[in-house]
Amino acid sequence: MEESMHPDPTPALPPSLEDIREQVARLEAAHRAKGLPLSGRIIHVAHHLPVEIVRLAQPNDTDVALTSPITPEFKPEDIVTVESADQKWKIHARQGHTAMVSGIRSLSDTHEQLVVAWTGDILSQPAGKTGQSTPNLGPTNPSSFVLQDNVELHAAPTQSPLMVIGSDFDFKEQREITNELKRFSDTEVEQEGYGKLTYVPVFMPQEISKGHYEGYCKTTLWPLFHYLLWLDSTATVPSPDPSWIAYQKANELFAKRVAEVWKPGDLVFVHDYHLQLVPKLIREFLGQSAHVSFPGPYGTQPPTSAAQSDSASAKSGDHSRDPSEVMIALFVHTPWPSSEIFRCLPKRNEILEGMLGANLVLFQTYSYSRHFISSCIRVCGYESTTNGVDVNGVITVVSHCPIGIDVKRVAHDRDAPGVRPKMDSLRQLYADKKIIVGREKLDAPKGVYNKLQAFEVFLEKYPDWRNKVVLIQVTTPALSESPKLERMVAELVSHINGTYGSLDFTPVHHYHQAIERDEYFALLSVADLALITSLRDGMNTTSMEFIICQDKSNKSPLVLSEFMGTSSSFGEALKINPHDLVGVADAIEKGLSMGEEEKETRHAALYKSVVGHTSHTWAATMVQLLLENVGNEHTAHQTPVLDTALMKSKYASAKKRLMLFDYDGTLTPIVKVPSAAVPTARTRAAIAALAADPKNVVYLISGRDGDFLEEHWGMVKHLGFSAEHGSFVKTREDGEWMNMTEALDMSWMSEVEEIFRYYTERTTGSTIELKKASITWHYRNADPVFGEFQCKQALDLLESSLAPRRPIEVLVGKKNLEVRPLAINKGEIVRRLIYENPDADFIMCAGDDKTDEDMFRALRTVFPPGGPREDEPVLMKPPVGITSVLDPDDAEALPEKEIHIRPDGVFATTVGSAAKKTLAGWHVTGPEEVVDAVEQLLKK
Ligand SMILES: O=P(O)(O)OC[C@H]1O[C@H](O[C@H]2O[C@H](CO)[C@@H](O)[C@H](O)[C@H]2O)[C@H](O)[C@@H](O)[C@@H]1O
């Protein structure tokens, strides 16, 4: 179950961009026709803006608060740049994350877009450089050209004059930066021909931005998602963990910014693992909640903190919600680990709950999405559905949609005039050699060390290739630089070169530096093999760029790790397990010896995959998927929060009241072991006080057996009981249990028990609760994934083999399966109580699960369709189901009765989320609120 149980459903032939856009337009038209006010806007929320902001040196600058020198990336000449009129700010496009950025930008063809993201550390040109209004953003070290031979692991490139000054800016500077960003995006739109695109900056104090990214993102989440656990048992995490606090605060700042700019009908796309709390927080800031519904007192005005949002909105009596809920998709660009790894994370619940605030969670691959669903089942106890996760009745859809690259842009860069001369130089330099190329960040998951080890095995195992092949490995420094890894890599390179090289030949050329764009494309174009040995990688765009470069070149093969997102799309790559060094060595040999025909065939298939699904189709598909999975809530019923003030006024004026309560999940929270679900003294006191009022008829209507109810509630005077879903009734007056199943055929009990025994024996942790007239199979304490699987199997078996020939009903409860007689249900008890109390003019009825829906249905069906007119008497037939069981002749003889109750006196209340499918008219979120409501009624 953990790994893919089903085949990967990725379609073989991806639809074209035009097809997807047409489908998006159709979906939007359909939604608008149904009344969903789509704005035509998309808000992207990403970690940082695709720009760099530089504060230029000012004549009066004496000293800028500098923190650390930075090494700017190489900036090509053709990037968009704007400089403020007062020459204070300069903004230019930032390199990196090109696939995501180009995907986002492509959506501007069809939608107006806002990008809400952190400014990034703002750079400063320190004083003393005045007169040089344009800082040097050129190549950091042009002399270290990659083609130079015998260049070993480099030290950091030459220090630049730019310094990080963080982003602690006063309001005036924030305004200036915001305005300059606007000018920048306008220029970009004009120069690049984009549709409308606005950058909305998130400003973060430096201690938050550092703690967030360098702290929680890079030292906790990143290693975990790449299967590098922090297993050093001596390491102590301070409590509270400051980096977690920074992560939370940063996520709040992003969500708050979204809430400020959000308009009804906007589609929101949250990107990546930096922002996993954002989906839930956005709802909280907007006064909406996906799973636990609170009224929305804020409109679009966010409260000052998420915590405040919770409590303030929960306590407000305002039920006016904005009709349009925010529509959110979250795309996780990194891998998602097995739930066995994920559950080691101390803040696992918080992260998952944050993500599940989205309508749609998307991953790079099918298997990551399966791991995520397993994590939700195992960590949070939620159940899976056919398309995602059921979060207390609300479905978060989970799917996958791999990212692609901007093929046109890459082809353009490949064909740039500067590339050809560099290709020629490389070919000249390695005229009689095959070139293997690799380019990665130097962090452990990228598998550079394994690659070098495998290359050594290759030279050892295939001596004929010695002196005939070079490995050109380019690495860029990782954020969390690991001196140990750098040293290990450097030593291994020296070792291989010492062992297999000679005075005039070096088998491994390692360049630890940023390289120019032209050099990069030249390298990919001349290579005879690309070798990518990542131990874990969400996606890998180098492999895609290699395929595009090779289209105009040798059609060289690609050796690709199976532990990366790209792997599932690239069937014609030579797949390797990077831990199997001999296997990698064999794949290198196979690739280098491959015949031209096979190379062409494999390349053609790989090329088709890359051009068939680009960054543009990726982005458009995400929009399509979100539109396919939202909107139903606008036509579906959203249950309002129980209006306790209104209920209290009706209660106060009522002459006779029926108060009907389910037990588990309604008067007491769901717990692991059924016997531990005992009422608190407060709950018992509240119910006892209700029952003591002679105007009230109070009943517990439960699936529990009579013994349990007697044990915990028997001491409460004047309380009536219905046990086992209506199979047994004890009225509040005579104190005798009536068996409603007496006249029924109950011989099915042993057959059901046998089936449940079969599943109990095969499902560790599951148990059978054998009652007098019903049986419950519990799997709450089994392995959650296996338990759910077994439950579905047992349900299938009971429904296909037993239910058609026996008078039973099978009920799917909360981590249980229950079987009870068909003729009995909680609804019949409710009808009977109304019939017996025709003068009742107030009903409160509360329940949480599917069996309680029978009660709510019964309450609706006592009224004629469309509801009774003011002056119209409501006549009720005797509840045949129950009376006929007791005495069929009686049922015939009983008269119709006129009942007093009217729909506005009925408070059918479900315990669960507003979006849960229910026949109840009101909802509260938990048992505690049921008790609160009862206490309100009791207050004078
Ligand atoms: O009709 P109810 O009063 O809601 O009772 C329904 C069933 O509730 C019990 O099981 C559920 O609650 C347990 C305690 O919280 C929990 O451990 C279990 O997983 C739930 O399914 C009870 O054991 C059943 O007999 C009732 O039919």
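Reply: Happy to! In this predicted model, strand β18, residues 508–512, is mostly covered, with five of its five residues buried. Val508, His510 and His512 point one way from the strand, while His509 and Tyr511 point the other way. In a regular strand, side chains alternate between the two faces of the sheet. Here the residues on either side of β18 are all buried.

Next, look at the partner strand. β17, residues 469–476, runs parallel to β18, and five bridges join the two.

Helix α12 spans residues 419–429, and its buried residues are Val419, Lys422, Met423 and Leu426. Viewed down the helix axis, these buried residues fall within an arc of 105 degrees, so they line one face of α12.

To finish, a look at the wider packing. The largest nonpolar core has 87 residues, and Leu267, Leu558 and Phe570 touch the most other members. Helix α19, residues 615–628, gives this core its largest share, eight residues. Apart from this core lies another one of 61 residues, including Phe225, Ala250, Ala255 and Val389. As for Phe570, its contacts beyond four places in sequence include Met544, Ile547, Leu558, Leu560, Leu606 and Val610, as well as Ser543, Lys575 and Ser609.

Note on methods:
Residues numbered from 1 in each chain as written. Predicted model: local features only at pLDDT ≥ 70, side-chain atom pairs only at ≥ 80, totals over all residues. Heavy atoms only, no water. Buried < 20%, exposed > 50% of the residue type's maximum accessible area, 1.4 Å probe, protein only. Helix = DSSP H or I, 4+ residues; strand = E, 2+ residues; numbered from the N terminus. Pairing = 2+ DSSP bridges. Arc of directions from axis to C-beta. Core = buried A, V, L, I, M, F, W, Y, C linked by side-chain atoms within 4.5 Å. Contact = heavy atoms within 4.5 Å.
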